[in-house]
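Here is a walk through one protein model. Keep the sequence and the 3D view open side by side.

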Amino acid sequence: MGDDPNRRGNSRRWITTECEASLRRLGTDHIDLYQIHRPDPTCAIDETLGALTDLVRAGKIRYFGSSTFPAHEIVEAQWVAQRRGRERFVTEQPPYSILARAVENAVLPVCLAYGIGVIPWSPLAGGWLSGAFGAGRPNASRRSTRVPRRYDLSLPENQRKLEVVSALGRLAEEADLSLIELAMGFVLEHPAVTAPIIGPRTLAQLEALLPTAGVILPVDVLDRIDQIVPPGVTFNVADAGWEAPALADASQRRRRRD
């Protein structure tokens, strides 16, 4: 990564360069699953799939997947792979939690339809659902300094999240669960989800997460969650993890006025 346009994105040159660098750092001759981090609007998906396919055929990676791709780009990648004889994305890695449910609208149904494994990131919503902070308690998450838009309590969308976390905490207590168990059980419930990605930094965090593997939430608890956070709703667009360039750059959605 860097300011050099040739040191980022999903081009053949950069994917090949970074795969070789990863193999050297890991001290191995192959990678089991290689994930493309975000969509790249400057690069045709056929070039990306072609590069990844060549790495598979060279034995340097076994499988590859996408991360935080919108549904239409997941579908496009599947069709390009079929038409052009490429290997295909076998996994998608979206943001998914009780506070970030937008992927329920299309991404998760598309993954089910195409048989794509789903390994969601941030099932605890970047610490919001860890029980570590809330009303009257400061957020000690390292992410709060890296992505402040997701945590700044002066923003109405984050104030709404704080209210929701309090309601979810009460629900978890009524159900005799920890907030972490409620959050992880919710993510595991979706039929498209293969396994959520956890990111413990301490032994205590790991010990709090391990019991969640066997949590099955009762239907009435799931219904209550839907009442608190309606299906398909993400309160803060920053929690989606990626924004289409056309939404951030006005020149990409307006006619030129020369």
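Predicted model: local features only at pLDDT ≥ 70, side-chain atom pairs only at ≥ 80, totals over all residues.

Start with helix 3, residues 71-84, and helix 4, residues 107-114. Angles under 35 degrees count as roughly parallel, so helix 3 and helix 4 are roughly parallel to each other. Their crossing is right-handed.

Now look at the side chains between them. Helix 3 brings Ala-71, Ile-74, Val-75, Gln-78 and Trp-79 to the contact. Helix 4 meets them with Val-107, Val-110, Cys-111 and Tyr-114. An α-helix has 3.6 residues a turn, so residues three or four places apart point the same way.

Move on to helix 7, residues 179-189. Nine of its 11 residues are buried, so helix 7 is largely enclosed by the rest of the structure. The buried residues are Leu-179, Ile-180, Glu-181, Leu-182, Ala-183, Met-184, Gly-185, Phe-186 and Val-187. What covers them? The cover includes helix 6 (156-174), helix 8 (203-209) and helix 9 (219-228).

Leu-182 leads on to the core. The largest nonpolar core has 60 residues. Leu-182 is among those with the most contacts inside it, together with Leu-52, Ile-61, Phe-89, Leu-129, Leu-168 and Ile-225. Take Ile-61 as an example. Leaving out residues up to four places away in sequence, Ile-61 touches Cys-19, Ile-31, Tyr-34, Leu-52, Leu-55 and Val-56.

Thr-68 sits in the loop between strand 2 (61-67) and helix 3. Its phi is near 60 degrees, a positive value in a residue other than glycine. Thr-68 has 7% relative accessibility, so it counts as buried. Ala-125 also has a positive phi, about 55 degrees, although it is not a glycine. Find Ala-125 in the loop between strand 4 (117-118) and helix 5 (143-146). Its relative accessible area is 8%, so Ala-125 is buried.

The loop that holds Ala-125 also holds Ser-122. Is Ser-122 buried or exposed? At 17% relative accessibility, Ser-122 counts as buried, because the cut-off for buried is under 20%. Beyond its sequence neighbours up to four places away, Ser-122 touches Tyr-96, Ser-97, Arg-150 and Ile-197.

Arg-150 is also a partner of Lys-161. Lys-161 is found in helix 6. With a relative accessible area of 1%, Lys-161 is buried.

Finish at Gln-205 in helix 8. Gln-205 has 31% relative accessibility and counts as partly exposed. With neighbours within four places in sequence left aside, Gln-205 is in contact with Gly-199 and Pro-200. How far apart are Gln-205 and Ser-130 in sequence and in space? They are 75 residues apart in sequence and 9.1 Å apart in space, C-alpha to C-alpha.

Technical notes: Residues numbered from 1 in each chain as written. Heavy atoms only, no water. Axes fitted to C-alpha atoms, helices over the stretch in contact; angles between N-to-C directions. Helix = DSSP H or I, 4+ residues; strand = E, 2+ residues; numbered from the N terminus. Parallel < 35°, antiparallel > 145°, perpendicular 65-115°, else oblique. Left-handed = near helix turned anticlockwise from the far one by under 90°. Contact = heavy atoms within 4.5 Å. Buried < 20%, exposed > 50% of the residue type's maximum accessible area, 1.4 Å probe, protein only. Core = buried A, V, L, I, M, F, W, Y, C linked by side-chain atoms within 4.5 Å.
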